[in-house]
Amino acid sequence: MSALSGFVDFFQKGKVHNTFRPKKKFEPGTLRYSLHKQAEASLSSGINLRSAVNLPPGEDANDWIAVHVVDFFNRINLIYGTVSDQCTEESCPTMCGGQKYEYLWADGNKYKKPTALPAPQYVALLMDWIEGHINNESLFPVTTSVPFPKNFLSTCKKILTRLFRVFVHVYIHHFDRIVAIGAEPHVNTCYKHFYYFVREFDLVGLKELEPLQEMTKKICKDAVKVKHSNSAVASPSHSSSAVAPVVEEAR
């Protein structure tokens with residue numbers, strides 16, 4: 001079974017009933033929809049995940065990144081939905097990855113300063129924050145006649161960095177649940193696709209990827225060389241605390 005069809009079959013056809021929020025869809029007939037279907041076709045064909053992230057010839061990198069940001073948002077929502085009943089304020093009083101990494105929330109609005117929150121509250125705020133961005137047509141244009149704004153790539157970096165933190169929490173604190181429902185190979189496939197993509201386009205910093213470094217070495221065995229470096233992609237807009245275990249969210 002192909003990577004994509006296996007993931008979809010497992011999470012959307014009755015094996016997992018707990019969903020986190022509605023799926024964001026692309027409008028048929030648009031370039032974004034066409035690229036989304038092209039990405040799906042590559043995965044469904046059984047192509048190597050490392051190759052599937054490559055920018056198709058003649059396509060714009062921003063469009064390719066936009067499609068994948070939305071796809072990863074949808075898939076990670078599905079994954080978190082499988083553990084959300086066990087990820088409670090009592091079981092997960094902080095958004096963390098083990099004892100070494102704690103993630104604080106700030107959005108520049110209600111939470112102006114980095115704030116420690118229970119994991120389910122952090123994830124809910126995160127998904128609302130991402131949804132607001134990807135539904136903002138001035139940031140994620142729906143037609144090719146509207147150019148991407150200057151802050152598009154830096155925003156995508158922050159979105160993907162924060163989505164990675166959901167992987168960290170799920171793998172470290174809820175992996176037993178993932179294994180118990182038979183979702184491990186599907187979650188691993190999604191993680192590998194995510195990892196290869198963000199490394200291909202240098203969208204998540206190596207320091208941010210450290211919490212899952214050992215696991216990544218085991219399941220992503222072929223090396224990733226960044227082809228689209230920071231000369232094409234803006235610098236990350238998040239910052240780290242001076243205290244190593246705590247990662248602070250920038251506005």
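What percentage of the 251 residues of the protein chain count as buried? The answer is 49%, where buried means under 20% relative accessible area with a 1.4 Å probe, protein chains only. Please keep in mind that this is a predicted model, in which local features need pLDDT of at least 70, side-chain atom pairs count only at pLDDT 80 or more, and totals for chains, interfaces and linings use all residues. Residues are numbered from 1 along each chain as its sequence is written, and side-chain values use heavy atoms, leaving out hydrogens and water.

Let us start with the overall layout. The protein chain holds 10 helices and three strands, which are DSSP runs numbered from the N terminus (helices: H or I, at least four residues; strands: E, at least two). Their order along the sequence is α-α-α-α-β-β-α-α-α-α-α-α-β. Among contacts (heavy atoms within 4.5 Å) with a separation of 6 or more, 78% come from residues 24 or more positions apart.

Now step inside. In soluble globular proteins, nonpolar side chains tend to be buried together. Here the largest nonpolar core has 60 residues, and I65, I130, F140, L160, L163, F167 and F194 have the most contacts inside it. Such a core is a set of buried Ala, Val, Leu, Ile, Met, Phe, Trp, Tyr and Cys residues joined through side-chain atoms within 4.5 Å. Two or more residues each come from α4 (61–83), β2 (101–103), α5 (119–134), α6 (152–173) and α8, with α6 giving the most, 12 residues. Setting aside residues up to four places away in sequence, L160 touches V69, F72, F194, V198, L203 and V204.

The pairing of α6 and α8 deserves a look of its own. Their axes, lines fitted to C-alpha atoms over the stretch in contact, are 12 Å apart and meet at an angle of about 150°. The two helices are therefore roughly antiparallel, a label for angles over 145 degrees. On the α6 side the contact is made by L160, L163, F164, F167 and Y171, and on the α8 side by V187, N188, C190, Y191, F194 and V198.

H68 lies in helix α4 and counts as buried because its relative accessible area is 1%. The side chain of H68 reaches the backbone oxygen of W64 at 2.9 Å. H68 and H193 are 125 residues apart in sequence, yet 10.0 Å apart in space, C-alpha to C-alpha. E200 belongs to α8 (residues 184–200) and is buried, because its relative accessibility is 2%. The E200 side chain makes a polar contact with the side chain of R50 at 3.2 Å; a polar contact is a pair of N or O atoms within 3.5 Å, where within protein one must be able to donate a hydrogen and the other to accept it, and residues adjacent in sequence count only if both atoms are side-chain atoms.

Terms used:
Buried means under 20% relative accessible area, exposed over 50%, partly exposed in between (1.4 Å probe, protein chains only). Axes are lines fitted to C-alpha atoms, for helices over the stretch in contact, and angles run from 0 to 180 degrees between N-to-C directions. Angles under 35 degrees count as roughly parallel, over 145 as roughly antiparallel, 65 to 115 as roughly perpendicular and the rest as oblique.
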